[in-house]
Amino acid sequence: MSNPSSTLRLAIVGVVLVMVAGGFAYLGGWLTPRALTPARFIGGFEYVNGVQAGFRRNHAKGLGVSGFFESNGNGARFSKAVVFQPGRVPVLGRFSLAGGMPRVVDSADAVRGLGLHFSLPDGEAWRTAMISLPVFPFRTPEAFYEQLVASKPDPSTGKPDPAAMKAFIDRHPETAQVLSALKGRPVASGFENTTFYGLNAFRFGNSSGASTPVRWLLTPMQPFEAAGAAPAAQDPNYLFESLIARIRREPLRWQLVIVIGQPGDPTRDATIAWPADRERIVAGTLTLDRAEAEETSAATDINFDPLVLPAGIAPSDDPLLSARSAVYARSFTRREGERKQPSAITAADVRKRE
Amino acid sequence: MLLRYAQFPALSRLLHWTMAAMILTMLGVGAAMVASLGDYHVLLSIHKPLGIAVLILAVVRLVNRRINPPPPFPPTMSHLERRVAIASERAMYGLMIVLPVIGWGMLSAAHYPIVLYGSVHLPFILPHSAVLYAVLRKTHTILAYGFFAMFMAHFGAVLFHTLVMRDGLLKRMAPWTIAGPSAGEP
């Protein structure tokens, strides 16, 4: 073994090892520090809201609920999912307000959220994280992130920098379009009479293998009432307090409506509504009959990942879906490792309404 | 110098290379998953069943190792090197079993359904618990980095023997059968 050639071969070993390590570093995102990753996305929420230890990084303020879903079997035409067979399954849920501040003062204008977990037989589950907007203002995860960072309140005014927000809107005409379509739309007086939308398109697959693009929404069976002008001195938790009071009086019900898409309906763009004449079927009724504070609710340690789906429901090609799944998972991992702080709506708040 | 090595039995070699490909894929998918938005879901749906497959094959491999013991180490390996090799083999076998079990456990503690394929799910092996999830999730990452380090050491050692010492160590595990008992590099 001559010395120079063995040095050369040793160098080859080194180069190969460095290349393998480099390949892994690339896969892990270490070589592309500017790329948007789940961790960076969550960093955006923490940049805007501070680190709210123990809380979801978005939809931080919330209240656990539970009840059941009764399927009428109509959905089985389009999806073989067990949840659409006639029958009843238990449901765990969480009402929330959008934004990363767990103690934000309730306001009628805040986007409302409802996360649901349907427990199906044999360990299957269906989770959906719905909001009160019929279409989503952002087409891509990058646009959402850009807006998130631009929305950081200026400490001197308490409001986002108008120039940064305008620059964002100028770059994203689809957001401008959604915001103008939503303007002037009547807002419901409470959680109980709010319509919640599934936000993204999905695909249903039935037992004969046919795949159908769908969207879904929950329409309240409690009568609609428009939110009035907010009284001057309001309970900071008035939306949640009135939800607790309502759910004590009577179980709250929503119909689960499936919108059946046609070939060509956009599935990869949550900013575009489907034509109003699309077939709608009522697949069943959701009943929520119990409110529970986050301290004790099992919903607190549930990640309402929209891609926890049973066989028979599949993701669409919407790029937001995988990103939501990834970012929710990162938020979940962070908050589960943090010391839990009491939520704005405490167990005592829930009890005093009993 | 003339070295004579016995090869590992054919089944052992098949298991080794199959698992090598699977484990490298798992490590790569795991690293990419954590950094990915758009591919997260697809990568996760590969990671779960593949991890369970590694767990099953690791058990098969341990049983096989009892039935088909490995050939002796080549004489070019020093006493110390043999001890290091034995310890690292044990550590890798351990990780092949412990990493998937921790993954399964952490998903159980988070109450994430553990989908293998379609509606085929694994049962939860731990109660719903934030603390258990947080600890296991962190452990999963640390052990995965550890496994990657073990892989690099193993790969580096084999490369060193094969390219620098040129003692034909790799032939013990070559996917093809090397004829005759005197297989080895002259």
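This is a predicted model: local features need pLDDT of at least 70, side-chain atom pairs count only at pLDDT 80 or more; totals for chains, interfaces and linings use all residues.
Two residues are in contact if their C-beta atoms, placed from the backbone, lie within 7 Å. Residues are numbered from 1 along each chain as its sequence is written, and chains are lettered from A in the order in which they are written.

**Exercise 1.** Describe the side of chain A that touches chain B.

Step 1. Count the residues: 39 of chain A are in contact with 33 of chain B.

Step 2. Find the helices (DSSP runs of H or I, at least four residues, numbered from the N terminus). Both α1 (3-27) and α7 (319-336) of chain A supply at least two residues of this side. The most comes from α1(A), with 11 residues.

Step 3. Sort by class. This side of chain A has 24 nonpolar, 10 polar and 5 charged residues. Nonpolar covers Ala, Val, Leu, Ile, Met, Phe, Trp, Tyr, Cys and Pro; charged covers Asp, Glu, Lys and Arg; polar covers the others, Gly among them.

**Exercise 2.** Explain why α7(A) is largely enclosed by the rest of the structure.

Step 1. A residue is buried if 20 or more other C-beta atoms lie within 10 Å of its own, C-beta atoms being placed from the backbone.

Step 2. Of the 18 residues of α7(A), 17 are buried, so the helix is largely enclosed.

**Exercise 3.** State the confidence in chain B.

Step 1. The mean pLDDT of chain B is 91, and 93% of its residues reach 70 or more.

Step 2. Over residues 182-186 of chain B, pLDDT stays under 50.

Notes:
A residue is buried if 20 or more other C-beta atoms lie within 10 Å of its own, exposed if 12 or fewer, and partly exposed in between; C-beta atoms are placed from the backbone. pLDDT is the predictor's confidence in each residue, from 0 to 100.
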